[in-house]
Amino acid sequence: MLLHQFRSRVLDRENLWWLLCEMFGPKPLYFAAADDAQTITSPHLKVGSKTSSGLCNVFIVIAILCTKANFLYSIATALASDFTADKFFPLRLTGASMRQIIQILPIQSGTTALNVFQLAIFRVFGFGDKSHLTALALPQSTPPNFNSLATTITAWGGPSNIALPVYGNFQVVKSKIPTMLTLLWEFSQALHNDYTTRKTAGAALTFASVYKSLADKRIPSLPSGGIIPWVLVSDYVEYGICLSPTAQDLAEHIMPSSKSSKGSPSGPTAGLKHAADISKEEMPKDAAALAGVLRKIMQVLMEPGKEMKTVMKLVGACEEVQGRRVSVVDVEHALCKVSRQLGMVKKVKG
């Protein structure tokens, strides 16, 4: 019924409200359906231990469907403006900025060094502001003009920094912008060459390899382990430049074991901690343990099973909105949004 209703609707603000209320309402569809009464203890969710099983159960609910009645307030806020849609929409491709990026550079545009660079400057400098995204749109017939781009970008923000509040406290240092543009272009050219070589050989670039290549450039304001490298490479996933991240990739992002990482991102970490708290389970002790939970989550999302009819319907509706299968990038995105919604609810409660 849900998917049938959704297919008859046009994707606009009113209908996104309908879908999000089904997902986040005071009596979520996940729990409202009698046929899913046993889902929370379904053997499909068992991953070998009490801790990982309990956390997996709640993680699915929290990351994809959520359960808080006061999140209706968060949905209303998400729909209030383009900016809040970018910050709070739980589906990755439904925010205003991502939709504008796809309008400027359609997903089937092809993988060129210029398009790779275009996605990078959209994500690093313009995301969260539609006028900035428009100003960053590059002509397809000429190489990027770094001086012109730097002039455009440094006109934004304060005297020394440009804040991108869509990412929380993230800021770009103006004096570093010329270096950032040069390094991003070098990265884009190398990524295009790697993509072409792999495609010719009948292979594909992995998320981890692209992420490492970006981190190895040591671009100012884009430290390894931060939010921007992850979401930028996730954009490359959307455009078919590299494969979706694995459960292990996301686990390492949330609980990095590499000494070169500058720390773990606060968004998905907070969302995961919330899942652990309401399940009264311990957090996974390390990336390997978390990866086991994430693999099981993805198994359930990809193949819910006949006894999980409501999960199947709701995941189907989310896939209909985005035009693709649910993937690990969606789990990370949803966890970040859960974290932001929790923070906003706490502010409202005082």
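Apart from its neighbours within four places in sequence, His333 makes contact with Phe89, Pro90, Leu91 and Arg92. This briefing concerns a predicted model of a protein with 18 helices and two strands.

**His333**
- Helix 18, which spans residues 328-349, contains His333.
- The relative accessible area of His333 is 12%; because buried residues are those under 20%, His333 counts as buried.

**Pro220**
- Pro220 lies in the loop that joins helix 12 (207-216) and helix 13 (227-238).
- Once neighbours within four places in sequence are set aside, the contacts of Pro220 are with Lys176, Thr179, Met180 and Leu183.
- A separation of 47 residues in sequence lies between Pro220 and Val173, whereas their C-alpha atoms are 8.2 Å apart in space.

**The protein as a whole**
- The protein comprises 350 residues, and 53% of these count as buried.
- Among contacts in the protein with a separation of 6 or more, 72% are between residues 24 or more positions apart.
- The protein has an accessible surface of about 15600 Å², and carbon and sulfur atoms contribute 56% of that surface.

Technical notes:
Residues numbered from 1 in each chain as written. Predicted model: local features only at pLDDT ≥ 70, side-chain atom pairs only at ≥ 80, totals over all residues. Heavy atoms only, no water. Helix = DSSP H or I, 4+ residues; strand = E, 2+ residues; numbered from the N terminus. Buried < 20%, exposed > 50% of the residue type's maximum accessible area, 1.4 Å probe, protein only. Contact = heavy atoms within 4.5 Å. Areas by Shrake-Rupley, 256 points an atom, 1.4 Å probe, with all protein chains shown as cover.
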